[in-house]
Amino acid sequence: MPYSLFQGGRRRRRPRWRGRLVAVLLAMLTGFLAVVLLAGHYDDGSRTARAPMAMPTVGTRLPLQDSGPAPLAGGGTAPSPLAVRLEDPRDAVSLRFKHPPRSALMFDLDTGRVLWRRDPTRVLPIASLTKMMTALVVADRVPRGHKVRVTKEALHYKGSAVGVLPKGKWIGVETMLHGLLLPSGNDAAIALAQRTAHTVPRFVRLMNARADDMGLACTRFSSPDGFEDRGNHSCAADLAAISRQLLRTPRLARIVRRRSASLPFPIKGGKIYLYNNNPLLRSGYPGTTGVKTGYTDAAGRCLVASARRGQVRLGVVLLDSPDPGKQARQLLDRGFRALRP
């Protein structure tokens, strides 16, 4: 029976030593908890207090743990062969446009050195520049010599297209990659996406996974063709990294440097003739090696271009430029002049 109740007609007294024992135990417990809490902020007497951990906000991309250097502003990490080197603010080229692009970058394709920049990490819609990543994912997963079926979904495209794809026919993947990258065919983009991942949404997940693997902090894709601007964006620095990867993929580099192509195709005559939209190739700019054009109302006129003079290879990214061909030529001329031995 509890000691606080009457027992045998008499009140049972509470022993004094029990109260003292409880007080001692409480004091010991309080001291132990204080040590534990302090240990969470101090390692030992020789180390300073740790800063409290900041909680990420919703949508924040967490950095990888124990993965070496922190990501650069344009994506990738300092030892990465793809990330352009935005940490050095000294640009070798000084050029001011009367009507500048919204965002732009000129860089050395081999070293990643930035030669000229204008707001290179500004996130913007990128239109058909999206197709550079589409091509990379297809090249990774569909071997040369395989065929791509022209589906009914591919024929319900919007915007630019190859335009003569025959429903239900099987076409070589290399022909379809040419249709994707030269005339910027949205129909080719849809057919390639379905051939690679069975459905367009699955293919888009592969595109975003590849972007994450490359450390592209500005980039998110919502389609394989870039026709819809919503949810489809990047920045000049990330696009520079994507173009460097594409030009290091021989299968794709051979395509983007072509001004035109005659390819096997299941129509009368057995051939299709495709022409590149790249204004540098169309105007015969010396040493042009690629890469891709893009346009929507929201994105404006966009261009990723590359060229070579001797051993020097330069790349240019222009987003929402009033005249991407002219501005790319001006930048490349200045860049090659600045790097002349």
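## A strand pair in the predicted model

Leucine 105 stands opposite valine 317 in strand β13. This is a predicted model, in which local features need pLDDT of at least 70 and side-chain atom pairs count only at pLDDT 80 or more, while totals for chains, interfaces and linings use all residues. Residues are numbered from 1 along each chain as its sequence is written, and side-chain values use heavy atoms, with hydrogens and water left out.

Strand β3 (residues 103-108) and strand β13 (residues 312-319) run antiparallel and are joined by six bridges. Two strands are said to pair if DSSP finds at least two bridges between them. Helices (H or I, at least four residues) and strands (E, at least two) are DSSP runs, numbered from the N terminus.

## The chain as a whole

The protein chain has nine helices and 13 strands. Of its 341 residues, 44% are buried; buried means under 20% relative accessible area, exposed over 50%, and partly exposed in between, with a 1.4 Å probe and protein chains only. Among contacts (heavy atoms within 4.5 Å) with a separation of 6 or more, residues 24 or more positions apart account for 61%.

Strands of a sheet pair through backbone hydrogen bonds, either parallel or antiparallel. Here, five strands form an open sheet in the order β4-β3-β13-β12-β11, with antiparallel pairing. Strands β4 and β11 (288-296) stand at the edges with a single partner strand each, so one side of each has no neighbour in the sheet. On average, neighbouring strands of this sheet are turned by 5° against each other, direction ignored; the axes are lines fitted to C-alpha atoms, for helices over the stretch in contact, and angles run from 0 to 180 degrees between N-to-C directions.

Phenylalanine 107 has valine 114 in β4 as its bridge partner. The two strands form a hairpin with five residues between them, and glycine 112 in the turn has a positive phi of about 80°.

## The β9-β10 hairpin

Strand β9 (residues 260-264) and strand β10 run antiparallel and are joined by five bridges. Serine 262 has tyrosine 273 in β10 as its bridge partner. Six residues lie between the strands of this hairpin, and glycine 269 in the turn has a positive phi of about 100°.

In a regular strand the side chains alternate between the two faces of the sheet. In β10 (residues 271-275), Ile272 and Leu274 form a covered face, whereas Lys271, Tyr273 and Tyr275 form an uncovered one.

Helix α4 is largely enclosed by the rest of the structure, because 11 of its 12 residues are buried. Among them are Asn186, Asp187, Ile190 and Leu192. The cover over the buried residues of α4 includes α2, β6 (147-149), α3 (173-181) and α5. The end C-alpha atoms of α4 are 17 Å apart, which agrees with the 16 Å that its 12 residues should span at 1.5 Å a residue; the expected span is 1.5 Å times one less than the number of residues. Histidine 198, which follows α4, has a positive phi near 75°.

Two packed helices are described by the angle between their axes and the distance between the axes. Helix α4 (residues 186-197) packs against helix α5 (residues 200-213) at an angle of about 85°, with the axes 8 Å apart. That makes α4 roughly perpendicular to α5; angles under 35 degrees count as roughly parallel, over 145 as roughly antiparallel, 65 to 115 as roughly perpendicular and the rest as oblique. Ile190, Ala193, Gln194, Thr196 and Ala197 in α4 meet Val200, Arg202, Phe203 and Leu206 in α5. This contact has six nonpolar, two polar and one charged residues, where Ala, Val, Leu, Ile, Met, Phe, Trp, Tyr, Cys and Pro count as nonpolar, Asp, Glu, Lys and Arg as charged, and the others, Gly among them, as polar.

Helix α2 (residues 131-141) is mostly covered, with nine of its 11 residues buried. Helices α2 and α5 pack at an angle of about 100°, with their axes 10 Å apart. That makes α2 roughly perpendicular to α5. Residues in this contact include Met133, Leu136 and Val137 of α2 and Phe203, Leu206 and Met207 of α5. By class, the contact of α2 with α5 has eight nonpolar, one polar and three charged residues.
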